[in-house]
Amino acid sequence: MILAAVYKWDFGLVLSYTHLWAKGLGVTLAYSVGTVVGGMIIGVICGLLLLVRSRWVTLPVHYYVEIFRCTPLLVQIVWFYYALPIVLQVELPDWFAAGLGLTLYMGAFATEIFRGGIISIDKGQWQASRALGMTGGELMRHIILPQATKRMIPPFVNQSIIQLKNTSLLYVVAIPDLMYTGSIIVSDTFRPLEVYTSVAIAYFVILYPLTLWAARLEARVDQ
Amino acid sequence: MTSSSEVMVKAEGLRKSYGTVEAVRGVSLEVDRGQVVVVIGPSGCGKSTFLRCINLLEEPSAGTLQVGDRLIDFGAKHSMPRGRDLARFRARIGMVFQQFDLFPHMTALQNVMSGPVIVKKMSKSEAETVARDLLAKVGLATFADRFPRNLSGGQQQRVAIARAMAMAPEIMLFDEVTSALDPELVGEVLDVMKQLATDGTTMIVVTHEMAFARDVADQVLVMDAGQVVEQGRAEEVLLRPTNPRTASFLSRFHSTIGERKA
Ligand SMILES: Nc1ncnc2c1ncn2[C@@H]1O[C@H](COP(=O)(O)OP(=O)(O)OP(=O)(O)O)[C@@H](O)[C@H]1O
Ligand SMILES: [Mg+2]
């Protein structure tokens, strides 16, 4: 209490590390976009595979999704960073190994979102398209996907927002994102209060408009 | 070559089971070009399943099916068409469903154009001509740019009929197409179907509209528990049924069959 009253906030020093902050922000955004795009590609591929009528195809995809949904992301990041190169006996660039866990995690959720969007389409749409003589590819492209993507967008944006926050976990494998950059500045300035407050504000300033946008999207899809 | 009537659909001993449930148990039917066959029977007797077997939305478990010159023997291996071949088979048969199932992201016009454009790869302008003609025919020329959600049930169902007709099918299947409609909208859809019949469209119609059966059907098929229990000319089957199960089923409708149109 007394300490709080006495503490003199000084953001000037902390914010003078403009160059470092900018780099950290860049790394956070790069990992967010990279792992979201990567995860989206995985999601579309795995989501389509789940529609194949063969257990040999769907079962491995199911296990993939469940493994990533039922283990902590932090464990995944650490495992792919430290354990995978040893298991595979290959050397992976650090930046790549660090992003693997995040990408596969996003992929698992994107798979679920994609599948959910597809199966939410009324079965009458499928039978009407088939009755007209459309092939699987034609009915997907012209009938199902145009309706399903609309429904996939809001959950997808929400998951991307979570993903941006999750990139802060890269801290544990020393990737210089916003969070890790903060810790470096702390060790330089001994000003953890200002630094971590700034970090929190930075995340908030990026994400708050995104959540507003997501809410608007959701409202528009609902009507 | 000598026969005056051309067989459009010939099903023999068609069966379909779902696990242990046998929904269709050996149904045979021959439909000539231009004929209207009405299928009636109590709920759950397998009418929909039989209809869906004809355009292979369901794969029959046994029997043979001939549509045009294509003969499929479900007892034989590799006889059932797959993939693109299956799609092409279905393209020759039009089907209209109880719930209309229009594509909600397309206007009425785009719905009717969808088959020719997506399946037949017809040019957009050519397909539009076909589609506008058909919309006019079902009385919806001025509704071309409406989306399904802005159409009444009866209008939606008429668009669905036009959509199926746009493929110029060899035969049309109707599965209780008026059952989901408010009573006052049933007439406009039945009128369109009567017009198609008059124009010589070959049709198999599952319906509970007995007056329609009496006025339009060349042949009536009565199903019960997956089998055909009576079959013949509409007048005979509807007014003088020989099978007791047909008689008891029809007794519920006798007021509608009796009242003749002026
Ligand atoms: N996909 C399915 N899986 C399992 N059983 C089914 C399936 N479809 C239909 N059945 C069963 O097959 C039987 C025939 O069903 P069908 O829908 O063909 O009857 P119907 O004569 O069209 O009835 P209704 O007049 O109610 O439309 C019913 O016992 C039904 O429960
Ligand atoms: Mg039915």
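Me: Which residue takes a positive phi in the hairpin of β4(B) and β5(B)?
Reply: Gly68(B), with phi near 60°; that hairpin has two residues between the strands. Strands here are DSSP runs (E, at least two residues) and helices are runs of H or I with at least four, numbered from the N terminus. This is a predicted model, where local features need pLDDT of at least 70, side-chain atom pairs count only at pLDDT 80 or more, and totals for chains, interfaces and linings use all residues. Residues are numbered from 1 along each chain as its sequence is written, chains are lettered from A and ligands numbered from 1 in the order in which they are written, and side-chain values use heavy atoms, with hydrogens and water left out.

Me: What does β4(B) pair with?
Reply: β4(B) pairs in the antiparallel sense with β1(B), residues 7–18, over five bridges, and also in the antiparallel sense with β5(B), residues 70–73, over four bridges. Pairing takes at least two DSSP bridges between two strands.

Me: What stands opposite Leu65(B)?
Reply: Ala11(B) on one strand, and Ile72(B) in β5(B).

Me: And which face of β4(B) is Leu65(B) on, covered or uncovered?
Reply: The covered one, together with Gly63(B) and Val67(B). Ala62(B), Thr64(B) and Gln66(B) make up the uncovered face. In a regular strand the side chains alternate between the two faces of the sheet.

Me: Switching to α2(B), which residues are buried?
Reply: In this helix, residues 83–91, they are Leu86(B), Ala87(B), Phe89(B), Arg90(B) and Ala91(B). Buried is under 20% relative accessible area, exposed over 50%, and partly exposed in between (1.4 Å probe, protein chains only).

Me: What do they pack against?
Reply: α7 of chain A, plus α1, β4, β5, β6 and α3 of chain B.

Me: OK, the interface then. How many residues of each chain are in contact?
Reply: 17 of chain A with 24 of chain B, contact being heavy atoms within 4.5 Å. The buried area is about 1600 Å², with 64% from carbon and sulfur atoms; that area is the accessible area (1.4 Å probe) lost on putting the two parts together, summed over both. Gln127(A), Ala131(A) and Leu132(A) supply 35% of what chain A buries against chain B, more than any other three residues.

Me: How many salt bridges between chain A and chain B?
Reply: One, between the side chains of Glu138(A) and Lys121(B) at 2.8 Å, N to O. The criterion is a side-chain nitrogen of Lys or Arg within 4 Å of a carboxyl oxygen of Asp or Glu.

Me: Which element gives the largest share of chain A's side?
Reply: α7(A), with eight residues.
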